[in-house]
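Hi there,

Here is the structure I promised to pass on, with some notes below on what turned up when I went through it. Have a look at it first, then read on.

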Amino acid sequence: RPPDFAERADQQQQPRGRTGRCGAQQKGKTDMYTVDGAFLTQRVSGIQRYTLVLLAELDKRIAPGEVELAVPPGAAAPAYRNIRAVQTGRHTGMLWEQLDYPAYLRQNGRLGLCTCNVIPLFGFRGIAVVHDVCYRARPDFYTAPRARLSAAWHRLQYRAIARTCKQIVTVSQFSRSELQKYYGVSPDRVTVVPNAWQHMRRVAADEGVFAKWPQLRRGEYYFSMSNLLKNKNFPWVLQAARSKPDAVFAIAGGGDLAAAAGKQGMQPPPNVFCLGYVSDGEAKALMANCKAFVFPTLYEGFGIPPLEAIACGAPRVLVSDTPCMREVYGPHADYIDLAANHGDVDAVTPGHDAAAVLARYSWAESARRLLELLRSSDR
């Protein structure tokens, strides 16, 4: 989905600075944090959305200058009341993140806050957010040359974070245990700051999606958000569609997902409609009016789409029976036993009172936890 920045409407733009000391900051002061703003140049997926919404909530709770956002050249920053956006550096992409961002931290005596699984490899001091360690836990997912290169880079990052960051943030107890399992990170170094769902309240449902896709009748289609990454388990949804040829399955995400899947020998059957990227408003309408939201993931650090679906009013959510999904959704989801169930949406373990899971997660509480960590004396 493209970004939805509705949460910024009530915020005032602060002036941008340039590389150098900001306002009344003192060189050498190390109790202020500067967020790595490279995420602003990336397509908004779950990781980038986590950062956008969490920073908007954090902005309501901090003093001016306590947290700032370093922005690469040409990137548009959100408007905040208390978080100051500072454009710095001359590179873009990885070079900015590895060279310009750490240089800014050193010059201004600030700690770093990196929220997207990546830190500068040399001289970084601060906190990193690791959403999951899928690249380490499931190397079998990454077999193509480009995927193997990405996996190697991220495993290097995981090791660097485990070695250099005194404090790490992650999104679930499951991911916390994975950091300990694969990288020996002591649990007392890891703070869980989970995802939440309240951002969907600010999204207006776009019912026009049903005119765009008249094959989707309200209450009569299964809805999924997927791509061809192996952890998303796209083939399971295709098998489910083949098992129920009279049912309709709608899959959002992945651009031209049908063509890409066909090239990999996974041609969707006629009752599957690949919608491509959908807006937040379209996603909300599709979630609210589906027969069930289907999320047969093989590995996640949290798994936010089913939580968003529940918040939007989906009558059922079907999720894979994995430790992470059990932690996040408890008894409130319908569970798919992937070892035994190879595409039957009816053969699931039913949950109850799905809406009750919403009370467990709040962006306000997540921002409170993060702020408590930022203000702690034990760096």
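This is a predicted model: local features need pLDDT of at least 70, side-chain atom pairs count only at pLDDT 80 or more; totals for chains, interfaces and linings use all residues.

Which strands pair with strand 11? One is strand 8 (residues 221-225), which pairs with strand 11 in the parallel sense over two bridges. Here phenylalanine 223 has phenylalanine 293 of strand 11 as its bridge partner. Another is strand 12 (residues 317-320), which runs parallel to strand 11 and is joined to it by three bridges. On that side, valine 294 has leucine 318 in strand 12 as its bridge partner.

A pair of packed helices is described by the angle between the axes and the distance between them, and I have both values for two pairs here.

Take helix 1 (residues 46-59) and helix 12 (residues 363-375): their axes come within 9 Å and cross at roughly 75°. Angles of 65 to 115 degrees count as roughly perpendicular, so helix 1 is roughly perpendicular to helix 12. By class, this contact between helix 1 and helix 12 has 10 nonpolar residues, one polar and one charged. Helix 1 brings Tyr50, Val53, Leu54, Glu57 and Leu58 to the contact, and these meet Trp363, Ala364, Ser366, Ala367, Leu370, Leu371 and Leu374 in helix 12.

Next come helix 9 (residues 280-289) and helix 10 (residues 305-312), whose axes come within 8 Å and cross at roughly 75°. Helix 9 and helix 10 are therefore roughly perpendicular to each other as well. From helix 9, Lys284, Met287 and Ala288 meet Pro305, Glu308, Ala309 and Cys312 of helix 10. The residues in this contact of helix 9 with helix 10 divide into five nonpolar, no polar and two charged.

Is histidine 154 buried or exposed? Its relative accessibility is 14%, and the cut-off for buried is under 20%, so histidine 154 counts as buried. The side chain of histidine 154 also reaches the backbone oxygen of serine 150, at 2.9 Å.

Best wishes

Notes:
Residues are numbered from 1 along each chain as its sequence is written. Side-chain values use heavy atoms; hydrogens and water are left out. Buried means under 20% relative accessible area, exposed over 50%, partly exposed in between (1.4 Å probe, protein chains only). A polar contact is a pair of N or O atoms within 3.5 Å; within protein, one must be able to donate a hydrogen and the other to accept it, and residues adjacent in sequence count only if both atoms are side-chain atoms. Axes are lines fitted to C-alpha atoms, for helices over the stretch in contact, and angles run from 0 to 180 degrees between N-to-C directions. Helices (H or I, at least four residues) and strands (E, at least two) are DSSP runs, numbered from the N terminus. Angles under 35 degrees count as roughly parallel, over 145 as roughly antiparallel, 65 to 115 as roughly perpendicular and the rest as oblique. Contact means heavy atoms within 4.5 Å. Ala, Val, Leu, Ile, Met, Phe, Trp, Tyr, Cys and Pro count as nonpolar, Asp, Glu, Lys and Arg as charged, and the others, Gly among them, as polar. Two strands pair if DSSP finds at least two bridges between them.
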